[in-house]
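The model is shown below.

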Amino acid sequence: MSYLLLMNYELSIKYLKGVGEARAKLLASELDIHTCGDLLQYFPSKYVDRSRFYRIRDLYGTEMPHIQIKGQFVNFTKEGEGHKQRLTATFTDGERLCQVTWFAKIQTIANMYRPGVVYVLFGKPSFKYNTWQFVHPEIEVFDPERPPQGLRGVYGLTDTLRKRGFTTRIFQTLTSNLLDSIPIGSLPETLPAELMRERSLMPLDEAIRNMHRPVSTQALQKATERMKFEELFYLELHILEFSRRRNLQLQGHVFTKVGPLFNKFYSEVVPFPLTGAQKRVLKEIREDMRTGRQMNRLLQGDVGSGKTLVAFMTMLLAVDNGKQAALMAPTEILATQHAEALAKWAEPLGIGTALLTGSTRAKERRRIAEGLADGTIHMLVGTHALIEDAVEFRDLGVAVIDEQHRFGVAQRARLWKKGAVPPHVLVMTATPIPRTLAMTVYGDLDVSVIDELPPGRKPIQTWLRYDDNRNEVYRHLWNEIQKGRQAYIVYPLIQESEKIDMKSAEEGYERIRSIFPGVGVSLVHGRMKPAEKDYQMQKFASGETKILVATTVIEVGVNVPNASVMIIENAERFGLSQLHQLRGRVGRGAELSFCILMSKHQIGQETKKRLSIMTETTDGFLISEADMKLRGPGDMEGTQQSGIAFNLKVSNLARDGQIVSQARDAAMRLLDGKMLLTPQGIAILNAELQRRFARSIDWSRIS
Ligand code: ADP
Ligand code: MG
């Protein structure tokens with residue numbers, strides 16, 4: 001076969017040596033690999049050092065990376081019945097024993113390996129039941145003739161591929177066949193030369209070869225860096241160009257006035273000086289509103305950083321310019337609290353406010369509809385009910401959305417009628433993520449950050465405690481209640497089963513009542529009717545009950561400054577950001593507050609490490625960064641709604657923050673005309689954008 005033909009990325013994979021019709025079908029359906037180009041871009045998911053054999057006595061900790069050991073099988077035992085059946089083998093390196101376990105293909109395996117033959121086991125051992133275990137390792141007969149291998153790629157396989165006999169080894173053979181058929185240096189470059197030079201990146205040809213068959217750790221490092229940069233650079237270019245185009249398209253209201261209401265509020269009503277961060281953010285918002293394009297801004301600020309005030313003052317700008325404003329919250333309780341806060345601030349200014357939620361009665365709804373139409377209601381606070389079709393503003397100028405992640409792009413668009421000038425939109429979130437990341441994830445939003453808490457907050461003391469410390473924890477709780485404080489006890493919400501979730505909260509409620517007789521206790525969980533929930537919350541908020549036992553329904557809600565204790569049960573089940581949110585419910589008053597994370601004693605090292613991050617810092621940015629590194633941004637709230645397909649293959653938005661910034665910076669300079677490209681460079685960019693996002697850029701419009 002001609003080399004030239006093989007170099008064609010579009011060539012069907014089935015023509016590659018070693019593939020054929022059947023394997024081609026499998027690769028297509030399982031891994032979306034259709035062409036030779038796809039295969040070249042399907043990189044190993046990890047690399048292992050096969051230059052040395054480990055001894056079992058050298059293994060350490062409880063989890064090892066992928067390694068290889070050399071030795072013989074001692075015996076095989078079948079255990080269990082039916083689909084629970086498994087095969088275990090004892091394996092020895094001549095010095096110590098370890099265990100190998102299989103859960104599938106048991107009969108085949110039992111027949112395949114024999115005592116007396118020297119094998120190489122290759123996998124990820126873990127220490128369990130007092131011995132080192134390998135589960136489904138790769139195994140090959142030891143070949144003393146074969147030179148020791150260096151770094152080797154391990155390819156991600158699906159179960160189906162595995163069942164059909166695919167192995168990492170096969171992938172290695174296929175990619176080797178392909179790479180060997182392409183003359184060195186002939187894979188066409190996919191980044192413009194200017195950029196390659198500027199960042200001294202490894203050329204694509206060399207990088208691809210090293211991704212599959214690294215010649216050294218350093219070469220793999222350089223190759224990975226290049227592939228990550230390329231991927232993120234094109235992503236940023238796509239996002240930036242996309243949002244610039246949107247900015248040009250969407251016209252917005254022009255608010256020229258910082259009027260009497262805003263000024264009066266600032267000088268006479270607001271009960272405390274704004275923090276520097278609040279002032280800065282308000283300035284950014286005002287700038288936006290002057291430009292004539294629609295504002296789409298994300299406001300990130302830690303729990304308790306004073307976002308509500310910023311929201312209110314933003315809404316005032318609308319009213320000062322003859323428009324109305326809306327504030328939308330994710331829950332009824334939160335909407336109610338916002339409405340109360342806003343009414344208190346609005347009243348001295350003579351501004352009309354109203355609250356609209358799912359449980360607003362028909363009569364009140366009619367009054368609201370009238371008030372919105374005749375303009376006597378300037379500010380409307382509510383839940384999802386706000387985006388129901390029946391709600392019509394006379395002239396909506398600003399919409400503020402609290403807790404970004406629950407509202408997507410599509411829902412935001414429903415705030416205005418087709419053809420009308422869209423309101424300025426401010427979305428607020430208390431789950432901060434690093435700035436560059438935020439700009440990437442929420443591609444269509446500009447980002448403001450409140451990075452400062454109002455002065456005088458006492459830091460919250462956070463402890464990690466286990467079930468057998470319960471008495472001590474309850475004693476502490478009792479002391480606080482004696483001092484007149486209040487406490488939350490929170491149970492995790494188990495998504496699959498609201499029933500179990502309710503049950504654990506109910507049991508907790510009974511236990512607390514029996515331990516603290518005579519102390520008022522409220523119970524709130526997701527299965528209650530809203531009215532009952534509100535009633536219970538209200539009793540707690542007013543101080544009638546001292547302890548609130550709840551499932552995570554309180555997560556984004558309530559402001560009870562007198563509460564000084566937050567006990568979180570089964571803390572290990574929560575994500576860090578969620579714990580941080582919950583912790584933010586206390587520490588709102590002047591008293592020293594406590595957050596106690598309760599957990600079973602037998603949690604793993606990893607979990608302990610994760611939870612101890614909470615005891616070490618109260619900085620929401622650090623926490624969410626740690627959380628993202630642990631969970632990956634895929635799980636991060638909001639990514640699904642960003643409206644942009646990420647589909648990252650080599651990079652990771654959470655872990656590669658620095659490359660994200662650099663890629664973004666390069667893309668920005670390019671779009672600003674600060675990096676000049678040759679026509680050839682431009683052709684490369686457009687071809688890549690086309691390939692990745694099925695679009696290109698009209699460069700004549702740029703700079
Ligand atoms: P979040 O950002 O979590 O929504 P809030 O807006 O609820 O925070 O503010 C938390 C508390 O801090 C409120 O009681 C609010 O009145 C108060 N607060 C807001 N800004 C300031 C400030 N500049 N100085 C003092 N207290 C403030
Ligand atoms: Mg808030």
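Predicted model: local features only at pLDDT ≥ 70, side-chain atom pairs only at ≥ 80, totals over all residues.

## Aromatic pairs and cluster

The whole structure contains 23 aromatic pairs. In one of them, the ring centres of Phe-73 and Phe-91 are 5.0 Å apart and the planes stand at 80°, so this pair is classed as edge-to-face.

Trp-102 and Tyr-113 make a stacked pair, with 6.5 Å from centre to centre and 20° between the planes. Trp-102 lies in strand β4 (residues 97-102), whereas Tyr-113 lies in the loop between α4 (106-112) and β5 (119-123), eleven residues apart. Trp-102 is buried at a relative accessible area of 2%, and Tyr-113 counts as buried at 12%. One aromatic cluster is formed by Phe-73, Phe-76, Phe-91, Trp-102, Tyr-113 and Tyr-119.

## Charges over rings

The charged end of Arg-23 is placed over the ring of Phe-166, 5.3 Å from the ring centre. Likewise, the charged end of Lys-70 sits over the ring of Phe-142, at 4.5 Å from its centre.

## A buried glutamate

Glu-194 is located in helix α7 (residues 193-198). This residue is buried but has no salt bridge; Arg-197, the nearest side chain of opposite charge, is 5.1 Å away. Leaving aside residues up to four places away in sequence, Glu-194 touches Leu-676, Leu-677 and Thr-678.

Note on methods
Residues numbered from 1 in each chain as written. Chains lettered and ligands numbered in written order. Heavy atoms only, no water. Helix = DSSP H or I, 4+ residues; strand = E, 2+ residues; numbered from the N terminus. Buried < 20%, exposed > 50% of the residue type's maximum accessible area, 1.4 Å probe, protein only. Lys, Arg positive; Asp, Glu negative; His and termini not counted. Salt bridge = Lys/Arg side-chain N within 4 Å of Asp/Glu carboxyl O. Contact = heavy atoms within 4.5 Å. Phe/Tyr/Trp six-rings, centres within 6.5 Å; stacked < 30°, edge-to-face > 60°. Lys NZ or Arg CZ within 6 Å of the ring centre and 35° of its normal.
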